[in-house]
Amino acid sequence: MSTERTTGPALVVQNLTKRFGERTAFSEVSFEVAYGEVFGFLGPNGAGKTTTVRTLGTLIAPTSGAATVAGLPLSADNGVAIRSRIAVMPESPGLYLRLSVAENLSYFAGLYELPDRRARIERALRSVGLEHRADDLCRSLSKGLRQRVGLARALLTDPQVLFLDEPTSGLDPVAAREVHDLIDALRKRGVTIFLTTHRLAEAEQLCDRVGILNTTLRMIGRPDELREQLFSKSIEIRTRAPLADPDEVFAALPGAEGWQRSEDGAYVLSVTDADTAAPAAARALVTAGADLLALTPIRHSLEDVYLQLIDTDVEAQQR
Ligand SMILES: Nc1ncnc2c1ncn2[C@@H]1O[C@H](COP(=O)(O)OP(=O)(O)O)[C@@H](O)[C@H]1O
Ligand SMILES: [Mg+2]
């Protein structure tokens with residue numbers, strides 16, 4: 001990978017917007033990515049992920065906003081210079097199926113006018129574990145292996161920033177796992193990666209930080225921070241008879257954030273930490289003279305909350 005000393009952030013994106021006529025692909029998106037980071041761009045189909053990659057990859061111009069890519073301001077004048085510092089692996093790798101793996105890489109190395117082609121190709125093949133498949137025709141490779149050739153192609157230029165657009169989409173679990181392992185190996189070598197995915201688990205597993213996009217950026221943070229923020233925690237409480245004064249019982253509990261009554265009469269208490277709130281709630285209910293039937297901590301999966309988060313976009317629902 002690039003051993004060039006790199007300072008400042010790898011990507012700075014400020015209020016970036018891209019519209020196609022009436023249609024907004026993404027709007028007012030701002031974030032930064034540091035060198036050495038694996039940044040996940042997570043969102044459903046149509047969220048604007050590919051368009052963001054194409055914009056930052058200088059293939060299309062933004063409608064408004066600004067960005068710095070690998071240290072260079074995003075502008076038409078800087079297109080060639082930016083492209084020489086980055087690599088983009090699109091959703092389908094774009095290989096010549098009638099050529100061998102090595103021939104494909106050799107063709108692209110020539111196209112990029114790279115020096116030391118033989119050594120680069122060998123290095124790229126080693127990086128993706130395909131050194132023994134160099135002479136195989138791409139046509140004969142599985143989808144997963146083709147994806148790895150695509151990754152090798154992207155690595156040829158020793159990019160400062162590597163963009164991977166849905167690198168595992170359409171792969172079976174075994175092939176996806178292999179691509180995950182490769183990305184993890186690149187991450188350990190300190191390669192800066194901008195990875196788009198619609199799979200929550202993939203973003204959680206591979207990325208140092210994740211931004212959740214659905215036309216606008218909904219949330220950004222480390223996976224554990226998102227988990228913390230996204231996990232709604234609550235306790236469901238059932239009593240034989242309605243409480244005389246639920247406010248008085250619940251308000252004094254540690255970490256209680258509010259309560260509501262569900263349709264079937266249970267009290268649903270929102271809390272910051274169910275482990276401390278649940279025993280305190282039990283004590284308070286007994287003290288208040290309530291006949292406690294059940295007290296159950298409820299955990300919504302991260303997936304539930306993620307789906308809820310991306311489903312709240314009216315515009316997206318109309319698409
Ligand atoms: N070239 C284009 N012309 C018009 N609309 C486009 C174009 N490219 C993408 N879009 C629209 O922009 C939105 C975001 O698309 P895309 O970036 O491909 O989303 P994702 O990669 O997250 O699935 C979609 O509504 C899509 O139809
Ligand atoms: Mg896409």
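Analyst: Two strands pair if DSSP finds at least two bridges between them. Helices (H or I, at least four residues) and strands (E, at least two) are DSSP runs, numbered from the N terminus. The model is predicted: local features need pLDDT of at least 70 and side-chain atom pairs count only at pLDDT 80 or more, while totals for chains, interfaces and linings use all residues. Residues are numbered from 1 along each chain as its sequence is written, and chains are lettered from A and ligands numbered from 1 in the order in which they are written.

User: What makes S7 and S8 a pair, and which way do they run?

Analyst: Five bridges join strand S7 (residues 161-165) to S8, and the two run parallel. Leu162 has Ile193 of S8 as its bridge partner. Strand S3 (residues 38-42) is likewise joined to S8 by five bridges, in parallel, with Gly40 partnered by Leu195.

User: Why is S8 called mostly covered?

Analyst: A residue is buried if 20 or more other C-beta atoms, placed from the backbone, lie within 10 Å of its own, exposed if 12 or fewer, and partly exposed in between. In S8 (residues 192-197), six of six residues are buried. Thr192, Phe194 and Thr196 point one way, Ile193, Leu195 and Thr197 the other, and all are buried. In a regular strand the side chains alternate between the two faces of the sheet.

User: Is Glu113 counted as buried or exposed, and how do you know?

Analyst: Glu113 has 8 C-beta neighbours inside 10 Å and therefore counts as exposed. Glu113 is located in the loop between helix H3 (101-111) and helix H4 (117-127), and has a positive phi of about 55° although it is not a glycine.

User: Why is Asp158 called partly exposed?

Analyst: Asp158 has 17 C-beta neighbours inside 10 Å, so Asp158 counts as partly exposed. This residue lies in the loop between H5 and S7, and its phi, near 50°, is positive in a residue other than glycine.

User: How are the axes of H5 and H6 arranged, and what is that arrangement called?

Analyst: The axes, lines fitted to C-alpha atoms over the stretch in contact, with angles from 0 to 180 degrees between N-to-C directions, come within 9 Å and cross at roughly 20° for H5 (residues 143-155) and H6 (residues 173-188). That angle makes H5 roughly parallel to H6, since angles under 35 degrees count as roughly parallel, over 145 as roughly antiparallel, 65 to 115 as roughly perpendicular and the rest as oblique.
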